[in-house]
Amino acid sequence: MAAMASHQSIASLHSHGCIGSSTLHQECGNVSMKLMRRGFKLEIEPTKREGYCSRKRSCGSIQASSSSLQNSASSPILTPLTGTKSDPSKKSSEAALILIRHGESLWNEKNLFTGCVDVPLTKKGVEEAVEAGKMISNIPIDMIYTSSLIRAQMTAMLAMTQHRRKKVPIVMHDENEQAKAWSQIFSEETKKQCIPVVTAWQLNERMYGELQGLNKQETADKYGKEQVHEWRRSYDIPPPNGESLEMCAERAVPYFKDQIEPQLQEGKNVMIAAHGNSLRSIIMYLDKLTSQEVISLELSTGIPMLYIVKEEKYIRRGSLAAPTEAGVYAYTKNLAKYRQKLDEMLH
């Protein structure tokens, strides 16, 4: 997919007005971003917009790891504020949230509908994941969430090979007691050098039903371009025996709110490596997009998006389509301090 036309303009907003301020919501009121035909429109309003609301749907839930490794994610070295151990009873005033759509898969390359079929990355996809890792190498990461599909997991793992902190991502195995027992780490020092990775099917790509494995062009020739476009880009119309974007959101957003949001509210910095539609669902919730706005949202493979979580609000800091790292990240003071600390540790 093509990158969002607005990536660069969003990234450059930090140098104009109050978006670069750490007191954004206190000084300027409620900030929302509307997706327009040619980009995002920044609006400052005194009232809140109505947030994402999904219909109730019963589904399974994968709990975040209960392993003690997860507790080590809040070790003093990862705290970007002061580098000293924080009071666990107090919530951090700021956390980073990174979203990455997986790199190109083998079926992306072949122009096939992939959906929930578990297909690995191409060589290009591997390179995209590595480049994504370089883009976020100075951003603190305490927890990683991925879908249960290998292309998202590969993207997360390859990206972390580039992180300057050199911590090791470890997949949590909580599927049963034996799996938890066999994957224990018995060195406290080693635990401090690891990052827990939680996999969840709720973050999977939307299921494309009877289109999975079909060639996209041949399917358009058979059913007509308009019909295929409706299946792919409408909000609430699913392909035959598959999921719509709305149905994907009904599993992805509750999982984010139940499992990931509490980690962010505790001050943990989180990376999510997932898929086009599961990430669009989450962005719809974060940016309070309407169903019409979200269907026009395009996410490029291997391009990280950065949000700052502050006072239970999500502030988009940009995507990595801008020419310079500093211009993209619009570093907050806390992120700048973390990077300075990395420089001091590694030089």
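Mentor: Let's start with helix axes: an axis here is a line fitted to C-alpha atoms, for helices over the stretch in contact, and the angle between two axes runs from 0 to 180 degrees between N-to-C directions. Helices (H or I, at least four residues) and strands (E, at least two) are DSSP runs, numbered from the N terminus. One caveat before we dig in: this is a predicted model, so local features need pLDDT of at least 70 and side-chain atom pairs count only at pLDDT 80 or more, while totals for chains, interfaces and linings use all residues. Residues are numbered from 1 along each chain as its sequence is written, and side-chain values use heavy atoms, with hydrogens and water left out.

Trainee: Okay, at what angle do α11 and α12 pack?

Mentor: Helix α11 (residues 245–265) meets helix α12 (residues 276–286) at about 65°, and their axes are 8 Å apart. The crossing of α11 and α12 is right-handed.

Trainee: Which residues of α11 and α12 meet there?

Mentor: Contact means heavy atoms within 4.5 Å. On the α11 side you get Leu 245, Cys 248, Ala 249, Ala 252, Val 253, Phe 256, Lys 257 and Glu 261, and α12 brings Asn 277, Ser 278, Arg 280, Ser 281, Ile 282, Tyr 285 and Leu 286. By class, the contact has 9 nonpolar, 3 polar and 3 charged residues. The classes are simple: Ala, Val, Leu, Ile, Met, Phe, Trp, Tyr, Cys and Pro are nonpolar, Asp, Glu, Lys and Arg are charged, and the others, Gly among them, are polar.

Trainee: How do α5 and α6 pack?

Mentor: Helix α5 (residues 123–135) and helix α6 (residues 150–160) have axes 7 Å apart, at an angle of about 45°. That angle makes α5 oblique to α6; under 35 degrees would be roughly parallel, over 145 roughly antiparallel, 65 to 115 roughly perpendicular, and the rest is oblique. This crossing is right-handed. Val 126, Ala 129, Val 130 and Gly 133 of α5 touch Met 154, Thr 155, Leu 158 and Ala 159 of α6. Those residues split into 6 nonpolar, 2 polar and no charged.

Trainee: Where does Leu 121 lie, and is it buried or exposed?

Mentor: Leu 121 is in the loop between α4 (106–109) and α5. Buried means under 20% relative accessible area, exposed over 50%, and partly exposed in between (1.4 Å probe, protein chains only). Leu 121 has 8% relative accessibility, so it counts as buried. Beyond its neighbours within four places in sequence, its contacts include Val 126, Met 154, Thr 155 and Leu 158. His 102 is also in contact with Leu 121; the two sit 19 residues apart along the chain, with C-alpha atoms separated by 8.3 Å.

Trainee: On to strands. Which strands pair with β7?

Mentor: Two strands pair if DSSP finds at least two bridges between them. Strand β4 (residues 143–146) runs parallel to strand β7 (residues 270–274) over 4 bridges, and strand β3 (residues 95–101) pairs with β7 in the parallel sense over 5 bridges. Ile 272 of β7 has Tyr 145 opposite it, and Leu 99 also stands opposite Ile 272. Thr 146 faces Ala 273 in β7 and stands opposite Thr 199 in β6. Strand β6 (residues 194–199) is parallel to β4, with 3 bridges joining them.

Trainee: How many residues of β7 are buried?

Mentor: 5 of the 5 are buried, so β7 is largely enclosed by the rest of the structure. Val 270, Ile 272 and Ala 274 lie on one side, with Met 271 and Ala 273 on the other. Both faces of β4 are covered too: Met 143 and Tyr 145 on one side, Ile 144 and Thr 146 on the other, are all buried.

Note on methods:
Left-handed = near helix turned anticlockwise from the far one by under 90°.
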